[in-house]
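Subject: Structure handover

Hello,

Here is the structure I promised to pass on. Please open it next to this email and follow along.

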Amino acid sequence: MFTRFVVHKNDDDSGRRQGLFQALADLESEGRLQGHHQDVYMELRDWFRHHLKQPSSFARAARPHAKKVALSWFKDSAVEHIRQMRRMSALLAEHDVPVDVLKTKRPGYIVYEDEHQVAAEPFSDTPT
């Protein structure tokens, strides 16, 4: 089983619902994260920078400017990563940004994989 955390706003690149990293970055750039909330965001951002690799590919096509349509999903074994995502969800909820947790056994055509996550171009029936 794979897990993905999303908000209701669509991502410009993928056209699918935005993930929590981008949603929190948007709040920060809008100046909506202040004081303790800013500290929590920075702590979470730094934790993921140290504990989660950035996928090397977000598209099946080898073209240099191929549209990045793959979505990142956590593997069930990424327990600590999922716990940290729940903290991100709570931070977004405090700013009235609802978060949905998607689960699937079929994330799509996998274009990247490591021990904690996959990036996959979704199938037509993959929840996004």
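How do the residues of the lining of the largest pocket divide into nonpolar, polar and charged? They divide into 16 nonpolar, eight polar and eight charged. Here Ala, Val, Leu, Ile, Met, Phe, Trp, Tyr, Cys and Pro count as nonpolar, Asp, Glu, Lys and Arg as charged, and the others, Gly among them, as polar.

Some ground rules before the rest. This is a predicted model, where local features need pLDDT of at least 70 and side-chain atom pairs count only at pLDDT 80 or more, while totals for chains, interfaces and linings use all residues. Residues are numbered from 1 along each chain as its sequence is written, and side-chain values use heavy atoms, with hydrogens and water left out.

The pocket

The largest pocket has a volume of about 970 Å³. A pocket is found on a 1 Å grid over the protein atoms alone: it is an open set of points where a 1.4 Å probe fits, with protein on both sides within 12 Å along at least five of seven lines. Lining residues have an atom within 4 Å of a point. Grid points are joined across faces, edges and corners, and the volume is the space filled by probe spheres set on the points. Why use a probe? Rolling one the size of a water molecule over the atoms shows where empty space is left.

The lining holds 32 residues. Phe-21, Gln-22, Pro-55, Phe-58 and Ser-72 lie nearest the pocket's centre. Strands E1 (2-10), E2 (17-19) and E3 (71-75) each supply at least two lining residues, and so do helices H1 (20-29), H2 (35-51) and H3. Helices (H or I, at least four residues) and strands (E, at least two) are DSSP runs, numbered from the N terminus.

Two helices that pack

H1 and H3 pack at an angle of about 40°, with their axes 10 Å apart. Axes are lines fitted to C-alpha atoms, for helices over the stretch in contact, and angles run from 0 to 180 degrees between N-to-C directions. Leu-20, Phe-21, Ala-23, Leu-24 and Leu-27 in H1 meet Met-85, Met-88, Ser-89, Leu-91 and Leu-92 in H3. The residues of this contact divide into nine nonpolar, one polar and no charged. Contact means heavy atoms within 4.5 Å.

Is Ser-89 buried or exposed? Ser-89 counts as buried because its relative accessibility is 14%. Buried means under 20% relative accessible area, exposed over 50%, and partly exposed in between (1.4 Å probe, protein chains only). Leaving aside neighbours within four places in sequence, Ser-89 is in contact with Phe-5, Leu-20 and Val-99.

Tyr-41 is in helix H2. Tyr-41 is buried, at 5% relative accessible area. Not counting residues up to four places away in sequence, Tyr-41 touches Leu-24, Ala-25, Glu-28, Leu-33 and Leu-91. Tyr-41 and Pro-107 are 66 residues apart in sequence and 27 Å apart in space, C-alpha to C-alpha.

Lys-9 lies in strand E1. Lys-9 is partly exposed, with a relative accessible area of 46%. Lys-9 touches Arg-16, Arg-17, Gln-18 and Asp-26, again not counting residues up to four places away in sequence.

Asp-13 is in the loop between E1 and E2. Asp-13 is partly exposed, because its relative accessible area is 48%.

Where is Asp-96? Asp-96 lies in the loop between H3 and strand E4 (100-104). Asp-96 is exposed, with a relative accessible area of 70%. Its phi is near 60°, a positive value in a residue other than glycine. Most residues other than glycine have a negative phi.

Best wishes
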